[in-house]
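This report is meant for someone meeting the structure for the first time. Please look over the sequence and the model below, and then read on.

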Amino acid sequence: MPASNRAAPPPALRVAVLADSDTRWKWGALTARRLSAEPDSVHLTGFLLRGRATPTARQLGEVGVRADRLTEVTCAEFLAELSAPQGESAGAHDRAHDRAHDRAYDVVILALVGGAAQAVLHGARALWPEPGARPVFVTGYVGVVYEKLADGLLLRHGADLVLANSRHDAERFRAVYEGVGADAGALVETALPFLEPADADTYDPVGTAGTVHRVVFAVQPSVPDNRADRTYLLRRAAEHARLHPAREVLVKLRSRPGEHTTHLEELPYQRLAQQLPGGLPSNCRLVYGNMGEVLDATDLLVTVSSTAALESLHRGIPTAVLTDLGVRETLGNHHFLGSGCMASWTQLDEGLLPKADPDWLAAQGVGMPVTPAGGPGEPGARDPYTAARARLTELLAGGPLPAVEPYYTQDTAPGYLPGILARHHLGPDGHPLPGAPGTAAGGSRLRRRLRAHLREAARGAYRHGVQRVAPVIRRLGEL
């Protein structure tokens, strides 16, 4: 067929991901690829929302997801990027294609805490108060939703797609929206984007041989939140290693001291390990790295309530959700009630390998064959993003999109919304406040570099205060 008669390939999906931590960047970037029928062709532009949890280069490298461009921004700067005409936006691609809509991005994924997502949505409403050529806004949760369900969901309302990670979550989310009379039409059931098949060359599900060689204790930055409980869990991991010298016990860490993740970590396990009486035995060590790669050689996953438990269960790995500190909402392990995974370190010491309940797994959307992003998958595998892709295609092809309509407005939440927006330097109408960070002229390269150094110094001082000064003041207050 002559080249002139060949059909032009469909334009690549242009996606902007705004994230405020390493784990949310991972969720947003992987979701971006899942939302496209051709994930390798996605033009992914990353933005990191400037704040206390802005990930470091090391954290981003550990996630292992690359973007065509990655920039640190304020909320006002991001909104300015969205409003730039297609020809002016650094994230615009495929100029040769005659697009129906003159927009910088086709899709914007808000991988943010609820308040930040709400601020961007109101900023978008201010940019496009009438139907127009705006991007499709997508948001959701990066893992297990065990706290602030109503608060977080209502702050995410207004996005064109609100992704639920399972049938269980979709039912809960719909009940919240319908319970306050909010439109629940944006809800779409999907799955955690990193629930893909393990590498067959490296992964051998435990239980086939009945032997445990590697135990991984997946820790969390803020659960539990006190020194005594965190030291207890670390001590039990070390004792498990001593009781089972043939096993390798890995304490999987989320961040290095001084780095922040989605949640604050005032008491890093690295420092607790240095203070542990007797230290760690030779077969127990602290490790970093991509969770998927760590799980490839894991025989037993132990955690309090980490989303890593879902990744582990999806791979068929025996998974223990610890009950040592009780089953409590503040710990988040109540989310796993009915899973068959509840266990204590004492039971694990005695050889227990928890067996997950199939019905519970099905409701959570894990444990079933999943089509890999961009691949055919095994026979009988399902693609949990089919409905989301269909909805997205419909929105992109349907002409001008209506104005964003969050549930929270000056009418429904006049005592709550202004404070949420003000934290991100937006006024009640969604427009940036005078003098908002990022609205002033950029200045010289030297000035921009100086501002970057000052931000990093301030961030370092904040982290030092959280991890060193605050615990001391708290102990003094208890005297």
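Of the residues of the protein, what percentage count as buried? Of the 479 residues, 52% count as buried, where buried means under 20% relative accessible area, exposed means over 50% and partly exposed lies in between, with a 1.4 Å probe and protein chains only. The model is a predicted one, in which local features need pLDDT of at least 70 and side-chain atom pairs count only at pLDDT 80 or more, while totals for chains, interfaces and linings use all residues. Residues are numbered from 1 along each chain as its sequence is written, and side-chain values use heavy atoms, with hydrogens and water left out.

The protein has 15 helices and 13 strands; these are DSSP runs numbered from the N terminus, with helices being H or I of at least four residues and strands being E of at least two. Among contacts between residues at least 6 apart in sequence, 71% join residues at least 24 apart, a contact being heavy atoms within 4.5 Å.

Strand β2 (residues 43–49) runs parallel to β3 and is joined to it by five bridges, and L48 stands opposite E72 in β3.

Strands β5 and β6 pair in the parallel sense over three bridges, with T139 standing opposite V162 in β6.

Although S166 and E189 are 23 residues apart in sequence, they are 5.9 Å apart in space, C-alpha to C-alpha. When neighbours within four places in sequence are left aside, S166 is in contact with E189, T190, A363, Q364 and G365.

**Pairing around β11**

Strand β11 (residues 300–303) has L300 and V302 pointing one way and L301 and T303 the other way, and all are buried.

| Strand pair | Sense | Bridges |
|---|---|---|
| β2 and β3 | parallel | five |
| β5 and β6 | parallel | three |
| β8 and β11 | parallel | four |
| β11 and β12 (residues 319–322) | parallel | three |

Within these pairs, the bridge partner of V216 in β11 is L301, and the bridge partner of V302 in β12 is A320.

**A pair of packed helices**

Helix α3 (residues 75–83) and helix α4 (residues 114–127) pack at an angle of about 40°, with their axes 10 Å apart. That angle makes α3 oblique to α4, given that angles under 35 degrees count as roughly parallel, over 145 as roughly antiparallel, 65 to 115 as roughly perpendicular and the rest as oblique. In this contact C75, F78, L79, L82 and S83 of α3 meet A119, V120, G123, A124 and L127 of α4.

**Backbone details in loops**

Most residues other than glycine have a negative phi, and most peptide bonds are trans. A cis peptide bond joins V223 and P224, with omega about -10°, and P224 lies in the loop between β8 (214–218) and α7 (227–243). K148, in the loop between β5 (136–140) and α5 (149–156), has a positive phi near 50°, and K148 is exposed, with a relative accessible area of 61%. H425, in the loop between α14 (417–423) and α15 (445–477), has a positive phi of about 60° although it is not a glycine, and at 36% relative accessibility H425 counts as partly exposed.

Note on methods:
Axes are lines fitted to C-alpha atoms, for helices over the stretch in contact, and angles run from 0 to 180 degrees between N-to-C directions. Two strands pair if DSSP finds at least two bridges between them.
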